[in-house]
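Biologist: I am new to this protein model. Could you walk me through the structure, one question at a time?

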Amino acid sequence: MQPYQMDSKMKDIELGMTKKKVISILGKDFESAGAAWPPKVDRTISYKTASMTENTEGYYLLSFKDGKLVEWFKEKYPVHNHQH
């Protein structure tokens, strides 16, 4: 999936969904992200996102506990084009 499509797909994501359901909506192109001790969540995964209208890119971070989505957030930053 293209990063530009991720924002629209996130509208279908709800807290409490199983990890399998989230991956079926967002796709398998994710990375494992983060760790904590003691663990607050079982696993956090990330998906790359980008916006042509805002000229930003970043990641959606989704955290699962006991196989269910317990939190997610978007981290974004401006794209710097190095044109002279």
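**A walk through the chain**

Modeller: Helices (H or I, at least four residues) and strands (E, at least two) are DSSP runs, numbered from the N terminus. This is a predicted model, where local features need pLDDT of at least 70, side-chain atom pairs count only at pLDDT 80 or more, and totals for chains, interfaces and linings use all residues. Residues are numbered from 1 along each chain as its sequence is written, and side-chain values use heavy atoms, with hydrogens and water left out.

Biologist: Is leucine 26 buried or exposed?

Modeller: Buried means under 20% relative accessible area, exposed over 50%, and partly exposed in between (1.4 Å probe, protein chains only). Leucine 26 has 2% relative accessibility, so the residue counts as buried.

Biologist: Which elements does the chain have, and in what order do they run?

Modeller: The chain has 2 helices and 4 strands. From the N terminus on, the order is α-α-β-β-β-β.

Biologist: Which residues does valine 22 contact, leaving aside its neighbours within four places in sequence?

Modeller: Contact means heavy atoms within 4.5 Å. With those neighbours left aside, the partners of valine 22 are Ile13, Met17, Gly27, Leu62, Phe64 and Leu69.

Biologist: Where is tyrosine 47, and is it buried or exposed?

Modeller: Tyrosine 47 belongs to strand β2. Leaving aside neighbours within four places in sequence, its contacts include Met6, Ile23, Leu26, Tyr59 and Leu62. Tyrosine 59 is 12 residues away in sequence and 5.4 Å away in space, C-alpha to C-alpha. At 1% relative accessibility, tyrosine 47 counts as buried.

Biologist: What kind of aromatic pair do phenylalanine 30 and tyrosine 47 form?

Modeller: Rings of Phe, Tyr and Trp (its six-membered ring) pair if their centres lie within 6.5 Å; planes under 30 degrees apart count as stacked, over 60 as edge-to-face and the rest as tilted. The count comes to 2 aromatic pairs. For phenylalanine 30 and tyrosine 47, the figures are 5.9 Å centre to centre and 55° between the planes, and the pair is tilted.

Biologist: Which parts of the chain does this pair link?

Modeller: The two residues are 17 residues apart, in distant parts of the chain. Phenylalanine 30 is partly exposed, because its relative accessibility is 23%. The parts linked are the loop between α2 and β1 (31–32) and strand β2.

Biologist: What is the phi of aspartate 66?

Modeller: Aspartate 66 lies in the loop between β3 and β4 (68–78). At 65% relative accessibility, aspartate 66 counts as exposed. Although aspartate 66 is not a glycine, its phi is positive, about 55°.

Biologist: How far apart are the C-alpha atoms of lysine 68 and glutamate 14?

Modeller: Lysine 68 is in strand β4. Lysine 68 counts as partly exposed, at 39% relative accessibility. Leaving aside neighbours within four places in sequence, lysine 68 is in contact with Gly16, Met17, Thr18 and Ser63. Glutamate 14 is 54 residues away along the chain, and the C-alpha separation is 10.0 Å.

Biologist: How far apart in space are proline 39 and lysine 65?

Modeller: Proline 39 lies in the loop between β1 and β2. With 43% relative accessibility, proline 39 counts as partly exposed. Proline 39 and lysine 65 are 26 residues apart in sequence; C-alpha to C-alpha, they are separated by 9.5 Å.

Biologist: What are the spans of the whole C-alpha trace?

Modeller: Of the 84 residues of the chain, 31% count as buried. Along its principal axes, the C-alpha trace spans about 50 × 30 × 15 Å.
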